[in-house]
Amino acid sequence: MTLTNRLTLFFLATQVMVLAAFSVTLYVLARGHLYDQLDARLSTTMDTLVALAEIEPDGLDWEPELRRLPAHWEGDPPVWAIYDETGNRIDGSHSPVNTLAEFASPGPPPVRETHRVEWGGSDWRVAKQTLVFPDPGAIRSRPGRERHRTLVFVTAWPVAPVQGELRTLAWGLAVLSAGVWLLSGLAARWVCRRALSPVSRMTEAARRISADALGDRLPVPAARDELRDLAGSFNDLLARLQDAFERQRRFTGEASHQLRTPLTAMLGQMEVALRRDRDPDEYRRALTTAVAQAGRLRQIVESLLFLARADADAELPGLEVIDLAAWAGEYLAGHPHDRTADVRLAVSPDGVLVKAQPAMLAQVVGNLIDNACKYSDPGTPVVVSVGVEGGVAVLAVEDAGHGIGPDEVGRIFEPFFRSPEARRRGVGGVGLGLAVAARIVRSFGGQIDVRSEPGRGSRFAVRLPHRAEPEQRVASIGR
Ligand code: ADP
């Protein structure tokens, strides 16, 4: 079931309950009021009749011809009758309903009884009151002046008009409620559809998006609401995915290219060597070249495998606390370079303790020094410095070389990225060194950053958490 239908149904169900509660309450209140009114009319009629009887010294007197009944009874007269103690009807209304006789027997004075009876298929409300003369011995009737010991007053009002009004009210409420319910149901459906229409449009757009069309985006609704946020977040996600896909595509292309180059060189060497019989020296030369190319191939594959591991898997075991200053001195002493004369060490006098794996740290620093030498002219200084900046241990390699353009600085840690300048100058390299270095430093819990100015040089800084207290000092390298 669609969300629109569910919301509409929920709204209709709530509306039914509200309308039903409202109608029932109104009906019950109106019913009570109408029946109260009927009882009030019954009571007034009875009061009027009782007030018209006279209590004379010689008995109760009721003279019909002398009694003038209220004028308002004429339009809507009640049914009434008066009986004496023997049940004789003394007087009464000229109503077709003349069954009041069943109430003629005297009741206990002065209680006013009310009954509900059914005559001729319709309901009536009946009131009865008995008036008794207190001294039976004093009753004297004379011709023309009848005196009574007991007068029984009975009056009845039909319930039918009240029931008619209630029926009209019930129908009115039912029709009105149904109308309101139907209209509000249609309105609710329209509102739901309108409110959810952006979702339908987004769904349509999302269906069209595939790995080949990651540039497509969801339509963003104009109203500043949750759906706009959803579309915005989803579009951001798509942008990130597109970026990741692009990088992966570039990575795969570059990886294939970098793997193909040494393979082609290896195959070429071997084919040339096999073309004719050669002396052992020539075979040795061909094999040496093939071994060098295979070594390069293995290095690339190992770097790729390292980079392909998830961050959690790339965490290195066997981290040790080392004094970075002492370690850097020993590293430079143990790793002579073509440009050793240009490489200088500037260490802080205090020990700088970090937690790292010496062999991997050696790979990082070796790569940074190699790059500094590759991308600067011989004779210019390459400074390796160790110190503490803002509570963080820093090992920096600074050169006075070509520098890196502002457009490239953000991409040099991407696998296989090589600046056009490096390619143009024909500097050897694959473009994996910095990506692997950044990954290694991350696995030590640190980070690597670069500050560079084209034409003036670059400073690569490895920042590692600085440990205040030594746990175990190791100052060895290349393990
Ligand atoms: P490679 O040196 O094998 O190309 P890296 O990952 O070590 O790969 O470096 C990536 C790119 O970063 C290099 O191609 C070069 O353009 C740039 N780069 C790295 N170090 C420096 C540096 N010290 N000076 C200028 N450019 C540098």
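**Note on aromatic pairs and the ligand site**

1. The count comes to five aromatic pairs, where rings of Phe, Tyr and Trp (its six-membered ring) pair if their centres lie within 6.5 Å, and where planes under 30 degrees apart count as stacked, over 60 as edge-to-face and the rest as tilted. Trp62 and Phe153 form one that is edge-to-face, at 6.3 Å centre to centre with 75° between the planes. Because Trp62 lies in the loop between β2 (59-61) and β3 (79-84) while Phe153 lies in strand β7 (residues 150-158), the pair ties together parts that are 91 residues apart in sequence.

2. This is a predicted model, in which local features need pLDDT of at least 70 and side-chain atom pairs count only at pLDDT 80 or more, whereas totals for chains, interfaces and linings use all residues. Residues are numbered from 1 along each chain as its sequence is written, and side-chain values use heavy atoms, with hydrogens and water left out.

3. The ligand is surrounded by 21 residues, each with a heavy atom within 4 Å of it, and the closest are Asn371, Asp399, Arg418, Ser419 and Leu434. These shell residues divide into ten nonpolar, eight polar and three charged, with Gly counted among the polar ones.

4. Among the polar contacts (a pair of N or O atoms within 3.5 Å), an N or O atom in the side chain of Ser419 is 2.8 Å from an oxygen atom of the ligand, and a polar side-chain atom of Lys374 lies 3.0 Å from a ligand oxygen atom. A polar backbone atom of Gly431 is 3.2 Å from an oxygen atom of the ligand.

Key: Polar contact = N/O pair within 3.5 Å; in protein donor to acceptor, adjacent residues only side chain to side chain. Helix = DSSP H or I, 4+ residues; strand = E, 2+ residues; numbered from the N terminus.
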